[in-house]
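Subject: Structure handover

Hello,

The structure we talked about is below, with the sequence. My notes on it follow, grouped by region.

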Amino acid sequence: QVQLVESGGGLVQAGGSLRLSCAASGRTLSSYAMGWFRQVPGKEREFVAAISRSGTSTRYADSVKGRFTISRDNAQNTVYLQMNSRNPADTAVYYCAAARVSTSWYLVLSDDEYHYWGQGTQVTVSS
């Protein structure tokens, strides 16, 4: 069992930067591929970014490519999402998720392949 706790959300002005953290407990994070998703009320959860177990492979949604960066520190059992050049369309609840995978380079892009989820952190971007 893995427990995930997101932090770092809040209110930021458009164009500003914010870094979200996802701290894991219960199991070592190096055994899991990780991802970030976001959801706006009334809409489906949306893929944002994914990172492999080793951290060598990453993938981003087109809407955030070039602005967001996903990274991980397996020694600290933490995954990060650096968000730059934010705009109001980035306003959402952001969730991190963990997926058990056997391959160090594998990316998990679909939310139904993730096994564990955090409780989410609200990010609001004002114009």
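This is a predicted model: local features need pLDDT of at least 70, side-chain atom pairs count only at pLDDT 80 or more; totals for chains, interfaces and linings use all residues.

Ser-85 is placed in the loop between S8 and S9. Ser-85 has a phi near 50°, a positive value in a residue other than glycine. At 44% relative accessibility, Ser-85 is partly exposed.

A second case is Asn-77, whose place is in the loop between S7 and S8. Asn-77 is not a glycine either, yet its phi is positive, at about 55°. Its relative accessible area is 16%, and since buried means under 20%, Asn-77 counts as buried.

**The four-stranded sheet**

S8 also belongs to an open sheet of four strands, in the order S1-S3-S8-S7, with antiparallel pairing. S1 and S7 (68–73) stand at the edges with a single partner strand each, so one side of each has no neighbour in the sheet. On average, neighbouring strands of this sheet are turned by 15° against each other, direction ignored.

Two of the pairings in detail:

- S1 and S3 (residues 18–25) are antiparallel to each other and share five bridges. Glu-6 has Cys-22 in S3 as its bridge partner.
- S7 and S8 (residues 78–83) are also paired in the antiparallel sense, over six bridges. Here the bridge partner of Phe-68 is Met-83 in S8.

In a regular strand the side chains alternate between the two faces of the sheet. Strand S1 (residues 3–7) has Leu-4 and Glu-6 on its covered face. Its uncovered face carries Gln-3, Val-5 and Ser-7.

Met-83 comes up again in a contact across the sequence: Leu-20 and Met-83 are 63 residues apart in sequence, but 7.9 Å apart in space, C-alpha to C-alpha. Leu-20 is in strand S3 and is buried, at 0% relative accessibility.

**The disulfide**

How many disulfides are there? The count comes to one, and it joins Cys-22 to Cys-96 with an S to S distance of 1.9 Å. Cys-22 lies in strand S3 and Cys-96 in strand S9, so the pair ties together parts that are 74 residues apart in sequence. The torsion about the S-S bond is about 50°, so the disulfide is right-handed. Cys-22 is buried at 0% relative accessibility, and Cys-96 is buried with a relative accessible area of 0%.

**The nonpolar core**

The largest nonpolar core has 39 residues. Which of them touch the most other members? They are Leu-4, Met-34, Trp-36, Leu-81 and Tyr-94. Leu-4 has been mentioned above, on the covered face of S1.

At least two residues of this core come from each of S3, S4, S5 (46–51), S7, S8, S9 and S11 (121–126). S9 gives the most, with six residues.

**Aromatic pairs**

A search of the whole structure finds six aromatic pairs. One of them is Phe-37 with Tyr-114, an edge-to-face pair at 5.4 Å centre to centre, with 85° between the planes. Phe-37 lies in strand S4 (residues 32–39), while Tyr-114 is in the loop between S9 (92–100) and S10 (116–117), so the pair ties together parts that are 77 residues apart in sequence. Phe-37 and Tyr-114 are both buried.

Phe-37 and Tyr-114 also belong to one aromatic cluster, together with Phe-47 and Trp-117. Trp-117 has a charged group over its ring as well: the charged end of Arg-45 sits there, 3.8 Å from the ring centre.

**In brief**

For a quick look in the viewer, these are the places I would open:

- Ser-85 and Asn-77, for the positive phi of Ser-85 and that of Asn-77.
- Cys-22 and Cys-96, for the disulfide.
- Phe-37, Phe-47, Tyr-114 and Trp-117, for the aromatic cluster, with Arg-45 over the ring of Trp-117.

Regards

How values were computed. Residues are numbered from 1 along each chain as its sequence is written. Side-chain values use heavy atoms; hydrogens and water are left out. Rings of Phe, Tyr and Trp (its six-membered ring) pair if their centres lie within 6.5 Å; planes under 30 degrees apart count as stacked, over 60 as edge-to-face and the rest as tilted. Buried means under 20% relative accessible area, exposed over 50%, partly exposed in between (1.4 Å probe, protein chains only). A charge sits over a ring if NZ of Lys or CZ of Arg is within 6 Å of the ring centre and within 35 degrees of the ring normal. Two strands pair if DSSP finds at least two bridges between them. A disulfide is a pair of cysteine sulfur atoms within 2.5 Å. Axes are lines fitted to C-alpha atoms, for helices over the stretch in contact, and angles run from 0 to 180 degrees between N-to-C directions. A nonpolar core is a set of buried Ala, Val, Leu, Ile, Met, Phe, Trp, Tyr and Cys residues joined through side-chain atoms within 4.5 Å.
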